[in-house]
Amino acid sequence: AEEATPKSYLDDGFVFGLEGSGIERPKGGEANVVVEGDSLETQPYQVAAVGATFLGHAAFATMAISQMMNLNDGNAALTSVESLAIIASSWVLADLGSGLLHFGVDNYGNGRTPVMGSIIAAFQGHHSAPWTITYRGFCNNVYKLCVPFGIPTMALISTLAGSEHPGVTLFFTVFCAMEILSQEMHKWSHMRKSEVPSWVNWLQDTGLSIGRGPHAQHHLAPYDGNYCIISGICNEPLDKSGFFRRLEHIIYGINGVESNAWKLDPELRARTLRGEYRLEA
């Protein structure tokens with residue numbers, strides 16, 4: 001019998017945990033960089049990209065709040081309340097957004113997928129050596145997300161919203177910034193308390209950032225839940241409602257593509273196709 005050809009990050013079937021997937025799990029905390037050409041060393045272009053993106057987002061947020069102040073006839077108290085409400089709602093929905101993104105890149109596509117290929121390969125390969133993310137500096141860790149959530153995206157949203165709807169611009173500025181920062185919050189959840197600043201532990205203890213314990217639940221095969229990685233506030237309702245199982249079923253019905261979680265757990269596939277969507281504890 002012919003031996004199965006190992007898959008690379010560019011191929012379908014590059015599924016963490018499957019024999020012949022092309023991913024080996026290193027031992028002893030050794031870093032494992034999956035994507036060819038990727039490096040754990042922070043590069044100047046990464047610093048430039050991240051710095052420019054956050055400066056741009058700060059400018060969009062400042063402009064939006066200024067426009068809100070004008071619409072409120074200079075009422076600072078009302079503008080502050082509105083701004084805080086928008087920021088809070090954006091934080092919650094950004095957590096949901098991080099879960100949808102994480103679900104998508106964990107389960108579908110490969111390194112050849114247009115635009116998102118490198119992100120998909122990095123997320124899927126992350127399961128072979130989750131600790132690798134802790135070796136990355138801030139800019140090295142988040143810069144890839146500056147592509148879908150960066151200045152061009154915000155420039156388009158701001159233009160469409162116009163000066164009459166600055167709340168929309170503020171909402172999506174915070175949303176995009178949080179999606180970029182989600183990868184850093186993700187990194188913190190893989191680090192010991194002693195390895196991060198005290199304020200990071202405070203963010204995790206208060207539920208503002210995803211904690212170590214909750215995210216550890218995601219790293220149990222077949223990696224079928226707990227996808228949200230900003231605060232994790234959306235994980236329980238999504239998993240208990242069977243949201244992602246329903247989504248897998250819909251996607252399968254449309255194009256016949258099975259999620260990677262199904263490939264790792266045939267029983268999960270069978271339950272989902274029977275309409276048993278609730279994620280078992």
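**Entry 1: a pair of helices.** I am working with a predicted model. I started with α1 and α5, which are roughly parallel to each other. I wanted to see where that label comes from, so I looked up the angle: their axes cross at roughly 15 degrees, and angles under 35 degrees count as roughly parallel. The two axes come within 9 Å. I also noted the handedness: α1 passes α5 in a left-handed crossing.

**Entry 2: who meets whom.** Which residues of α1 meet α5? I found A52, T53, G56, H57, F60 and M63 on the α1 side. Across from them, α5 brings I151, M154, A155 and S158. Sorting this contact by class, I got six nonpolar residues, four polar ones and no charged ones.

**Entry 3: the core.** Next I looked up the largest nonpolar core, and it has 37 residues. F149, L170, M178 and W188 have the most contacts inside it. Which element gives the most? My answer is α6, with nine residues. I jotted down a reminder that in soluble globular proteins, nonpolar side chains tend to be buried together.

**Entry 4: one residue up close.** I picked L170 and listed its contacts, leaving out residues up to four places away in sequence. L170 touches A61, A64, I65, M68, S83 and I86.

Conventions:
Residues numbered from 1 in each chain as written. Predicted model: local features only at pLDDT ≥ 70, side-chain atom pairs only at ≥ 80, totals over all residues. Heavy atoms only, no water. Core = buried A, V, L, I, M, F, W, Y, C linked by side-chain atoms within 4.5 Å. Buried < 20%, exposed > 50% of the residue type's maximum accessible area, 1.4 Å probe, protein only. Helix = DSSP H or I, 4+ residues; strand = E, 2+ residues; numbered from the N terminus. Contact = heavy atoms within 4.5 Å. Axes fitted to C-alpha atoms, helices over the stretch in contact; angles between N-to-C directions. Parallel < 35°, antiparallel > 145°, perpendicular 65-115°, else oblique. Left-handed = near helix turned anticlockwise from the far one by under 90°. Nonpolar A, V, L, I, M, F, W, Y, C, P; charged D, E, K, R; others polar.
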